[in-house]
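Hi everyone, thanks for coming.

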Amino acid sequence: MAAEWGPAEQWRAALPQHAVLGRLRERAAAAAAGPSRPGAGPRAALSRNLLLGLDGDLLLWDGECSALHAVSLRRLGGPEPGLSDYQTLLCINPPLFEVYQTLLSPTQHHVALVGTRGLTVLELPKRWGKSSEFEGGKETVNCSTIPIAERFFTSSPSLTLKHAAWYPCETLEPHIVLLTSDNTIRIYSLKIPQTPIKVITLSDSEEETLTINKGRAYTASLGETAVAFDFGPLVPVPKNVLGQRGSDEVLAYPLYILYENGETFLTYISLIQSTGNLGKLLGPLPMHPAAEDNYGYDACAVLCLPCVPNILVIATESGMLYHCVVLDAEEDDEQSEKSWDPRSDLIPSLYVFECVELELALKLASGDEEEPLESDFSCPIKLHQDPKCPSRYHCTHEAGVHSVGLTWINKLHKFLGSDEEDKDSLQELGAEQKCFVEHILCTKPLPCRQPAPIRGFWIVSDILGPTMICITNTYECITRPLLSTVHPASPPLLCTREDKDVAVSPLRILADSQHSFEKHIRSILQRSTANPLLLKSGDKDAAPPPEECLQLLSRATQVFREEYILKQDLAKEEIQQRVKLLLGQKKKQLEDLNYCREEKKSLREMAERLADKYEEAKEKQEDIMNRMKKVLRSFHSQLPVLSDSEKDMKKELQTIHDQLQHLSNAIRQVKMKKEYQQKKMEKGTSPRKPSITLSAYQSKCIQTVLKEERFHSVSLTKRYPLGDTQTAQGNSPECKRNLQQRQLTKRKASKEIRKRLDQNQD
């Protein structure tokens, strides 16, 4: 089976069985079964995060050994996973306080070990070798540590560290930012770990002197103390905050500070520049729409998502999450009246887009009642940003893990980037579904169970495959693969494609439209609740009551029935109806396809006919062009002015024309004589003697007769002209007789000649 898996599935299956986790589980079980320490009372459970990742390695903090255990995920995903191979990073100067959080620096060279009574920075050793392991692969490596503000915490026993974070700049030397219980933010450099390079006081000095029991100030009892902060992405500082006109643009990181009463303050931090009022505390930021309780009095965590405009997530201990959009303030009438006051600044506003309630403890029905019991369970919540998907974050608390995805961020960016008159983007933003919440892990499924805080949480986002890793209170490892984008809480459809780089067909683009059938099915399968992964109790003897087990089973059955089976049945009916409609459309499309084929055939025939007509038209065009050339030539020839050569040519052509006419007349006369002679010869030849041929003597006699006749006719022509001949013919009877006799003789001779010629031809 392992051979069929990929590297990601292989290391996900092998990690829970690793030797480090097994040894820690045995130690935790022995500590729970052994006697409690003398004088150790019940201690409140803290939400911990002792797990972090570095280039394919997991670093897990071991408090008893004061060391980090490094597990290579690449080796677990290889052909021979080593379940007992790991490295131990020992602290040369281990921290004297209990560590509840580990933070990796932006440069990934240091790890901050955070506790309530101090902070120590561990410097990671160099890595080399084939597998890029620490110190070339040594099992145990000594690491240098840098205590931060050690004298300050030692000299102030009443102060506690509430929140710590690295300064987000990767180009500068590492700096750590601390928020202490005296309502002060201090920034320390690793080069000067005992003296802060910058101090931001969040309360007045008069309030700090007014303390009550155990060193707690009045502001703390009223909830006016800071509990958390978070940095936003690098932005240019507004001009009104700098207090300088005409100055150059200054880049700084916005620092959002959350108070316990729900108020949010803002300041801009830049360790490179300190211009004007940079670092001045602004706030509290107004929240819209306003609420009487200011959206709760038990705020515990804040997270700034890496997008523009910034989106703040404010969490309360009761399980409420508020998604606020940070927008720059506009100068209105009230602020214009105060514009004369130099201390009045235009500060950004928080617009609460939506609020979500987390199901910290499962809501179980009691008896036959349909309504579930309302649980008053509350606990601090830690917010974790997802490095793979900017529009998703995760929540860890004592009762489990939730994952929240914001699907409306893209529509918000489209609306903010559109024109003021563009109402379509506003309607799309209003019609967009709210965020979805996935209950991934529940460590308090029953009211009788004690909460089991999460010890480690990390998101692996490299080539090993995006995966969520959770380490429970008993050191059980839970892995869950994640998608690279926000997806609804419905199961993926068969047509869902995660690879966006593949070429998309036009039909796929049409299916991704606003009113597509796929989105309709997704809306039907959208789940409002889910059955999380339930963590079994570490105490085998403490069995839950049967009533609560039945309630848990009834709740799981109801969720499966309402959120899975019923919605799948509705989706099935919609799909069947859709299939019926598509079959009808397919039939109609086949008919249209046949019609199109016939039309194609007719169009092809018409194209052939048009081609023939085109050829004919082309020939006619050529003929017309030739005629036009002739017309132009004739027109040119009819110009009134001729050149000498044209005149000579004209004369020559006229002469040739006259000669041709004379020759044609001569040819016509010859033809007429030939025809006349042929007729005479046909009449003179005898058909009875076809074989008779003229002898030489006969031919000579005929020629002699013809010559005499010709001579006689010529003499008559010369003797009597045309007019005289007519006069002679009319006046002399003798001439008439002579002419008649000669004509008869001529006719007889011609007939005789024709007969003989016909006989010769036969």
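I'll start with confidence, then go on to charges, and finish with a few backbone details.

First thing to keep in mind: this is a predicted model. The protein chain averages a pLDDT of 79, and 75% of the residues score at least 70. There are stretches to be careful with, though. Residues 205-216 stay under 50 in pLDDT, and the model gives them 15 contacts beyond four places in sequence. Residues 333-344 are also below 50, and that stretch has 7 contacts beyond its near neighbours in sequence.

Okay, on to charges. Which residues gather in a patch of positive charge on the surface? They're Lys679, Lys683, Arg747, Lys751 and Lys755. Two elements each give two or more residues to that patch, namely α14, covering 644-684, and α17, covering 733-761. Lysine 755, for instance, sits in helix α17.

Now, salt bridges. How many does a search of the whole structure find? The count comes to 11. Let me pick one of them: arginine 75 and glutamate 133 meet through their side chains, at 2.3 Å from N to O. Arginine 75 lies in helix α3, residues 73-76, while glutamate 133 is in strand β9, residues 133-134, so this pair ties together parts that are 58 residues apart in sequence.

While we're in that part of the chain, have a look at serine 132. Its phi is positive, about 55 degrees, although serine 132 isn't a glycine. You'll find serine 132 in the loop between β8, which is 127-128, and β9.

Last topic: cis peptide bonds. Histidine 288 and proline 289 are joined by one, with omega at about -5 degrees. Proline 289 is in the loop between β20, at 287-288, and β21, at 299-305. Then there's the bond from valine 308 to proline 309, which is cis too, with omega near 0 degrees. Proline 309 has its place in the loop between β21 and β22, the latter being 311-316.

That's my tour, so over to you for questions.

Notes:
Residues numbered from 1 in each chain as written. Predicted model: local features only at pLDDT ≥ 70, side-chain atom pairs only at ≥ 80, totals over all residues. Heavy atoms only, no water. pLDDT = per-residue confidence, 0-100. Contact = heavy atoms within 4.5 Å. Patch = residues over 30% accessible without salt bridge, like charges linked within 9 Å, V, L, I, M, F, W, Y side chains within 5 Å. Areas by Shrake-Rupley, 256 points an atom, 1.4 Å probe, with all protein chains shown as cover. Salt bridge = Lys/Arg side-chain N within 4 Å of Asp/Glu carboxyl O. Lys, Arg positive; Asp, Glu negative; His and termini not counted. Charge placed at Lys NZ, Arg CZ, Asp CG, Glu CD. Helix = DSSP H or I, 4+ residues; strand = E, 2+ residues; numbered from the N terminus.
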